[in-house]
Amino acid sequence: MLLARLRQETTELHQQLERRLDLLRNDFTLDDYRRVLSRFHGYYEPWETRVRATAPEMIEGRAKAALIERDLAWLGRVCAGESCRDMPMLDTGARVAGSMYVLEGATLGGRILERRMRARFGFNGQGCEFFTGYGERTAAMWKEFGATLEKRPGEEHAEIIRSAVETFQSIDRWFGGAASE
């Protein structure tokens, strides 16, 4: 099963990124939240642009950059930050699928962060649309994505896994530079 292989090949990278972001730490401030959202926007916006150029049907109904923009606007911050250029290759459907595995998985995990941010900062319906993802449909959307992945031809699996690994590495490098903001 491709999903099991993806999970196995990326677990360590996933954990490394979670440690780097440390979004659940007790001293996480509203300013930290704004900076993290800005950084996410700097990744998601160019990522979505590249995916639309290669496989627009794959991102239809799954784009998140606009959600981040609404969150930042509500928080009084404009999306005018730096955009990531150090991205994985997204020039084939298989590479897009592998990269989407990472970002769709983040959407699934975002539901935990949504509850934490709402409680910590008193958000009530606004301010964390990005982490809300697809709302009550998030689990179903993940299942649908997983089923689509499992249907990918076996000869694409290595490329999909490589793209997922490269995406985790790219995001980790992108957030590694966030301290300078």
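A nonpolar core is a set of buried Ala, Val, Leu, Ile, Met, Phe, Trp, Tyr and Cys residues joined through side-chain atoms within 4.5 Å. Buried here means under 20% relative accessible area, with exposed over 50% and partly exposed in between (1.4 Å probe, protein chains only). The model is predicted, and local features need pLDDT of at least 70, side-chain atom pairs count only at pLDDT 80 or more, and totals for chains, interfaces and linings use all residues. Residues are numbered from 1 along each chain as its sequence is written, and side-chain values use heavy atoms, with hydrogens and water left out.

The largest nonpolar core comprises 51 residues, and those with the most contacts inside it are Tyr33, Phe40, Trp47, Tyr101, Phe131 and Leu149. Two or more residues of this core come from each of α1, α2, α3 (56-59), α4 (65-74), α5, α6, α7 (138-150) and α8. Helix α5 supplies the largest share, nine residues. Helices (H or I, at least four residues) and strands (E, at least two) are DSSP runs, numbered from the N terminus. In soluble globular proteins, nonpolar side chains tend to be buried together.

When its neighbours within four places in sequence are left aside, Leu149 is in contact (heavy atoms within 4.5 Å) with Leu2, Leu3, Leu6, Ala97, Tyr101 and Ile160. Ala94 is found in helix α5. Is Ala94 buried or exposed? Its relative accessibility is 2%, and therefore Ala94 counts as buried.

A 1 Å grid is laid over the protein atoms alone: a cavity is a set of points where a 1.4 Å probe fits but cannot get out, a pocket is an open set with protein on both sides within 12 Å along at least five of seven lines, and lining residues have an atom within 4 Å of a point. Grid points are joined across faces, edges and corners, and a volume is the space filled by probe spheres set on the points.

The largest pocket holds about 730 Å³ of space. It is lined by 30 residues, of which His14, Glu18, Gly105, Ala106 and Gly109 are the closest to its centre. Two or more lining residues come from each of α1 (2-21), α2 (30-54), α5 (93-121), α6 (129-132) and α8 (157-176). The largest share of this lining, 11 residues, is given by α5. By class, the lining has 20 nonpolar, seven polar and three charged residues; Ala, Val, Leu, Ile, Met, Phe, Trp, Tyr, Cys and Pro count as nonpolar, Asp, Glu, Lys and Arg as charged, and the others, Gly among them, as polar.

There is one cavity of 30 Å³ or more. The largest cavity is lined by Tyr44, Trp47, Glu48, Ile59, Arg62, Lys64, Met100, Leu103 and Glu104, and the elements that give two or more of these residues are α2 and α5. Five of the lining residues are nonpolar, none polar and four charged.

Finally, the protein as a whole has eight helices and zero strands. Of its 181 residues, 48% count as buried. Along its principal axes the C-alpha trace spans about 45 × 35 × 30 Å.
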